[in-house]
Amino acid sequence: MKSFLFVFFLVIFSKVTFLHSKANDQVIHDALGFMLGGDSGWDGVATEYQIDGCIITYIQNLMGNNLIAIYDFDKALWNSAASQIGEDGREYFILNGNLGLQEVYLYSPDGEDVSDGLWAWGIDSGPTSLMTFPILVDISRFENAMYDLMDECPGVKSKY
C-alpha cells in the first residue's frame, strides 16, 4: 500500500511540476534565432531582441526604420505550420494561431508610427493570427529548429 501511495504522489507531483515548468529561454533563443536568421542566427535578423518564455520581441532595421515584431508562441496552432513559395520565388514559413500570435509595428528614426506603410511589404500591422517569414536554410534544418521551439512552446491544443 505504501508503494502505491508513493507512486500515486510521484505521478501527481510530476504532472504538477510539468504544468508549472517555464520554457527554456536558451532553447527558444537558439531555435527561433536560427529559424529567422539562418546560420547567422539573431545577428542576421535583429538589432535587439528579448525572450520571455514563449513571448519574443525583436527590432529589425527595415529601410532605415525600426520594425518591431512580437511573437507569442503560446497562441500558435502548430498543426497549421507549412511552407509555401511566395510570388518572389522564395520559400516562406506560415503559421496560424489565435489573435496576437504576431504583432508588427514600424517606427521612423524619429519615433513616428509609420506602421500603415507595412502593407508595401505585404505585412499586416498590429496583432494578427498569422505569422509569415522567409526560410533561409534547408527545410529539414528549419524543421529541426521548429520542433525544438514546439517542444518549449506547445501553443494552443488542437487535434487538427
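The legends below describe close-up views of a predicted model.

**View 1. The open sheet.** Five strands make up an open sheet, arranged in the order β1-β2-β3-β6-β7. Their pairing is antiparallel. Strands of a sheet pair through backbone hydrogen bonds, and the pairing can be parallel or antiparallel. At the edges of this sheet are β1 and β7, each of which pairs on one side only. From one strand to the next, the twist averages 15°.

**View 2. The pairing of β6 with β7.** Strand β6 covers residues 102–107, and β7 covers residues 126–128. The two strands are joined by three bridges and pair in the antiparallel sense.

**View 3. Helix α2 and its ends.** Helix α2 runs over residues 25–37. The helix has 13 residues, and the distance from its first C-alpha to its last is 17 Å. This is close to the 18 Å expected at 1.5 Å a residue. At the start of α2, a side-chain oxygen of N24 comes to within 2.9 Å of the backbone nitrogen of Q26. Just after the helix, G38 has a positive phi of about 65°.

**View 4. Helix α2 against the sheet.** The buried residues of α2 are I28, A31, L32, G33, F34, M35, L36 and G37. They pack against β1, β2, β3, β5, β8 and α3.

**View 5. The largest nonpolar core.** This core holds 36 residues. The residues with the most contacts inside the core are L32, M35, W42, Y71, F73, F93 and L149. Elements that give two or more residues to the core include the helices α2 and α3 (139–152), along with strands such as β2, β3 and β5. Helix α2 gives the most, with six residues. What does M35 touch, leaving aside residues up to four places away in sequence? The contacts of M35 are F93, F133, P134, F142, A145, M146 and L149.

**View 6. D72 in strand β3.** D72 is part of β3, the strand of residues 65–72. Is D72 buried or exposed? The relative accessibility of D72 is 12%, so this residue counts as buried, because the term applies to values under 20%. Leaving out residues up to four places away in sequence, D72 touches C54, I55, G100 and L101. A polar atom of the D72 side chain also lies 3.1 Å from the backbone nitrogen of D74.

**View 7. S115 in the loop between β6 and β7.** S115 sits in the loop that links these two strands. Why does S115 count as buried? S115 counts as buried because its relative accessibility is 6%. Its side chain reaches the backbone nitrogen of L106 at 2.9 Å. Besides L106, S115 touches Y105 and S125, not counting residues up to four places away in sequence. S115 can also be compared with I68: the two are 47 residues apart in sequence, and their C-alpha atoms are 9.7 Å apart in space.

Key:
Residues are numbered from 1 along each chain as its sequence is written. This is a predicted model: local features need pLDDT of at least 70, side-chain atom pairs count only at pLDDT 80 or more; totals for chains, interfaces and linings use all residues. Side-chain values use heavy atoms; hydrogens and water are left out. Helices (H or I, at least four residues) and strands (E, at least two) are DSSP runs, numbered from the N terminus. Buried means under 20% relative accessible area, exposed over 50%, partly exposed in between (1.4 Å probe, protein chains only). A polar contact is a pair of N or O atoms within 3.5 Å; within protein, one must be able to donate a hydrogen and the other to accept it, and residues adjacent in sequence count only if both atoms are side-chain atoms. Contact means heavy atoms within 4.5 Å. A nonpolar core is a set of buried Ala, Val, Leu, Ile, Met, Phe, Trp, Tyr and Cys residues joined through side-chain atoms within 4.5 Å. The expected span of a helix is 1.5 Å times one less than its number of residues. Two strands pair if DSSP finds at least two bridges between them. Axes are lines fitted to C-alpha atoms, for helices over the stretch in contact, and angles run from 0 to 180 degrees between N-to-C directions.
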